[in-house]
Amino acid sequence: MKYSEVVEELKNMVYKWDNIQKVCDYIILAAVVWDSSDIHIEPLSSYVRLRYRLDWELREILEYQNFLHSWIVARFKIMSDLKIDESRIPQDGRISTTIEWKSLDLRVSTLPTVHWEKVVMRIVDKSKTIPKLTELWIEWQNLKLIQKAISLPNWVILTSGPTWSGKSTTLYSALTDLNKIDVNIMTLEDPVENQVDWINQSQVKPDIGYTFAYWLRTALRQDPDIIMVWEMRDKETVDIAIEASLTWHLVLSTIHTNNSAETITRILNMWVQPFLIPASVNIIIAQRLIKRLCPHCKKPVDLKNLWKETLANVKNAINITKKEELIERVWVEKLKTPTFYWPVWCEHCDNTGYKWRVWIYEVLEITPWVKEMILAWASAYNINLQAIKEGMISLEQDGIIKALNWLTSLEEVYRASKTQNW
């Protein structure tokens with residue numbers, strides 16, 4: 001079925017106060033057909049709003065009357081094995097279903113608000129295979145550094161970035177490359193999004209004291225070769241992860257920071273001794289998921305229409321990028337006459353100018369110079385400058401290279417890398 005047909009049918013059912021079970025099924029169906037990642041059902045003062053998240057943006061689908069909401073919430077609670085008569089506290093559950101020949105897991109979360117309970121459902125498509133590192137737009141130098149790091153028997157590898165930057169996908173892809181019969185891989189996740197054969201996966205349960213730090217201490221007695229910790233949240237978790245790497249384990253984890261250099265500052269702010277970072281951390285990966293230009297309606301942008309500051313930043317980023325990186329990743333013709341593209345609108349991209357996504361990455365290697373700066377408590381800004389001087393490809397540079405290849409727009413690159421106001 002087409003998305004427009006599903007939504008139209010859903011609207012008709014809501015306006016006719018039709019079968020609630022069928023309404024709930026169509027709410028999920030429309031989200032799956034539209035390839036959405038989340039469903040938001042939000043009670044407001046005079047109506048209830050249904051929104052889907054597509055390419056990180058929430059888009060309103062329809063509104064319906066308040067009296068229907070309690071029935072819809074009850075139906076989703078029944079489907080996810082939640083308590084129907086409990087509306088005072090948040091609840092979490094899961095729905096497993098098959099729609100449009102796709103095997104799906106929906107992580108359901110309810111939250112009491114001043115009007116009624118809000119419902120959010122994260123859609124996980126279990127039928128999708130985990131991509132390989134080479135399929136994540138990690139290119140040339142960045143790919144070589146990551147492949148080298150995961151081939152080593154120990155060290156800590158960190159991925160950083162905000163929510164919706166694809167950190168978990170990168171970790172799963174790395175684990176897929178490492179998943180062999182002769183290694184013991186253990187993970188603690190919050191929650192387990194993708195179940196992978198041959199990997200020992202566990203889910204955190206803070207309410208009974210099963211935390212990241214507790215699991216790490218236990219996991220080290222399980223003879224692991226590779227450990228993945230979902231997130232470095234506190235000093236205790238960081239300390240145990242560092243200890244694990246120093247005792248010949250490969251540790252992969254995520255941390256919430258804006259770029260790779262700020263990750264070092266974040267760890268230092270947890271009162272970790274500076275000498276432990278270069279002794280245990282190998283590389284730090286910062287990443288963003290940005291929108292990809294619709295191939296049907298994108299058009300070249302006149303460089304004269306760009307801000308002078310923008311044009312200067314672009315030229316500077318290209319000039320400081322290693323020539324071999326540019327030659328390897330950008331067509332010679334595009335380097336001779338650089339052209340950037342701009343989003344327009346058409347029916348193929350739902351009049352947004354963008355369709356699907358692309359990753360941008362920066363990979364900070366702990367080189368001898370970076371090590372000296374860490375030991376001297378240098379600022380994240382200075383560490384970042386030194387890393388770029390030594391050849392690191394920053395988020396901005398990687399984004400501009402992808403813009404030169406007409407995959408995305410400069411506006412999207414600078415929005416994601418946050419190096420300039422547009």
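In which helix is Asn 142 found?

## Setting of Asn 142

Asn 142 belongs to helix α4, which spans residues 140-150; helices (H or I, at least four residues) and strands (E, at least two) are DSSP runs, numbered from the N terminus. The model is predicted, so local features need pLDDT of at least 70 and side-chain atom pairs count only at pLDDT 80 or more, while totals for chains, interfaces and linings use all residues. Residues are numbered from 1 along each chain as its sequence is written, and side-chain values use heavy atoms, leaving out hydrogens and water.

Leaving aside residues up to four places away in sequence, Asn 142 touches Tyr 361, Glu 362, Val 363, Ile 393 and Asp 398; contact means heavy atoms within 4.5 Å.

## Strand pairing around β6

Strand β6 (residues 117-125) pairs with β1 (residues 38-43) in the antiparallel sense over four bridges; pairing requires that DSSP finds at least two bridges between two strands. Within this pairing, Val 119 in β6 is the bridge partner of Ile 41.

Strand β5 (residues 102-112) also runs antiparallel to β6, joined by nine bridges. Val 108 stands opposite Met 121 in β6. Four residues lie between β5 and β6 in the hairpin that they form.

## Packing of α10 and α15

Helices α10 (residues 308-320) and α15 (residues 395-404) pack at about 100°, their axes 10 Å apart; axes are lines fitted to C-alpha atoms over the stretch in contact, and angles run from 0 to 180 degrees between N-to-C directions. The two helices, α10 and α15, are therefore roughly perpendicular (65 to 115 degrees; under 35 is roughly parallel, over 145 roughly antiparallel and the rest oblique).

In α10, the residues Asn 313, Val 314, Ala 317, Ile 318 and Ile 320 meet Glu 396, Gln 397, Ile 400 and Leu 404 of α15.
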